[in-house]
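Student: Could you go through this structure with me, a bit at a time? I'd like to ask things as they come up.

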Amino acid sequence: MHVQMSPPRLSLVLLLLPPCASAVRFLVLRHGQTDHNRDGIIQGSSDVSRLSDRGRTQAREVGAALARLGDVRVARTFLSPLARAQQTHEILLLDRPDLPTPTTLDGLREIDLSSWEGRAKAELRAEQPDVYAAWQCDPLAMVVDGRKPIVELWERARSAAWPTLRAAD
């Protein structure tokens, strides 16, 4: 089953597998729009941005969509430690109070963009056009402050978050 809300709203994707003793289904949600998203500011893994009015509305819409899928049992909930993910979860609880108490995983934290965090995208695009273009077109090759943030993000997810998620079944 695929439930999707028209852009620019959040998308909710469920993959419902046929019954199987070993099947595990994951529901992955991204936080709602933040003030940094709205204002074109890079937030990365910094924890200063908060959900905007639109982001809170998006989270309510996803919560309502989850409520309509009340027959889908959620066994475990994992969250990024960032406030925007925590805020989104709190709003989801308004429509799905049966969601289990979340486990916070640092491995689910967003990408670390170092010196880019807190800066305007337009400013970075003008100052570092090649790096910004790599971020958009060839993210694995992007280098910020001598590091490859996308590669580090996937390594963190692979080594820190994925084993915990897989063990949760």
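Student: Over which residues does pLDDT stay under 50?
Tutor: This is a predicted model, and its pLDDT stays under 50 over residues 1-18, a stretch for which the model still has 41 contacts beyond four places in sequence.

Student: And where is confidence lowest and highest in the chain?
Tutor: The lowest confidence is in strand S2, residues 11-13, with a mean of 41, while the highest is in helix H1, residues 35-39, at 97. For the chain, the mean pLDDT is 85, and 85% of the residues reach 70 or more.

Student: OK, how many helices and strands are there?
Tutor: The chain has 6 helices and 4 strands, and if you read along the sequence they come in the pattern β-β-α-α-β-α-β-α-α-α.

Student: What share of the residues is buried?
Tutor: Of the 169 residues in the chain, 36% are buried. On contacts, if you take those between residues at least 6 apart in sequence, 64% of them join residues at least 24 apart.

Student: Switching to salt bridges, how many are there?
Tutor: A search of the whole structure finds 12 salt bridges. One of them is between Asp95 and Arg60, with the closest N and O atoms 3.4 Å apart. Asp95 lies in helix H3 (residues 83-95) and Arg60 in helix H2 (residues 53-68), so this pair ties together parts that are 35 residues apart in sequence.

Student: What else is Arg60 in contact with?
Tutor: If you leave aside the neighbours within four places in sequence, Arg60 is in contact with Ile91 and Leu94 as well as Asp95. Arg60 and Ile91 are 31 residues apart along the chain, yet their C-alpha atoms are separated by 6.1 Å.

Student: Which residue does Glu155 form a salt bridge with?
Tutor: Glu155 pairs with Arg158, and the closest N and O atoms are 2.7 Å apart. Both residues lie in helix H6 (residues 149-167), 3 residues apart, which is about one turn of the helix. Glu155 is partly exposed, with a relative accessible area of 37%, whereas Arg158 counts as exposed at 53%.

Student: And what about Asp47, which partner does that one have?
Tutor: Asp47 forms a salt bridge with Arg50, where the closest N and O atoms are 3.9 Å apart. Asp47 is partly exposed, with a relative accessible area of 34%, and Arg50 is partly exposed too, at 35%.

Student: Which residues are linked in a network?
Tutor: Asp112, Arg147 and Glu152 are linked with one another in a network of salt bridges.

Student: New topic: how much space lies in the second largest pocket?
Tutor: About 240 Å³ of space lies in that pocket.

Student: Which residues line the second largest pocket?
Tutor: The lining includes Arg30, Asn37, Ile41, Ile42, Gln43 and Gly44, and also Glu110, Ile111, Leu113, Lys121, Trp135 and Gln136.

Student: How do they divide into nonpolar, polar and charged?
Tutor: The lining of the second largest pocket divides into 5 nonpolar, 4 polar and 3 charged residues.

Key:
Residues numbered from 1 in each chain as written. Predicted model: local features only at pLDDT ≥ 70, side-chain atom pairs only at ≥ 80, totals over all residues. Heavy atoms only, no water. Salt bridge = Lys/Arg side-chain N within 4 Å of Asp/Glu carboxyl O. Buried < 20%, exposed > 50% of the residue type's maximum accessible area, 1.4 Å probe, protein only. Helix = DSSP H or I, 4+ residues; strand = E, 2+ residues; numbered from the N terminus. pLDDT = per-residue confidence, 0-100. Contact = heavy atoms within 4.5 Å. 1 Å grid on protein atoms, 1.4 Å probe; cavity = no way out; pocket = protein on both sides within 12 Å on 5 of 7 lines; lining within 4 Å. Points joined across faces, edges and corners; volume = space filled by probe spheres on them. Nonpolar A, V, L, I, M, F, W, Y, C, P; charged D, E, K, R; others polar.
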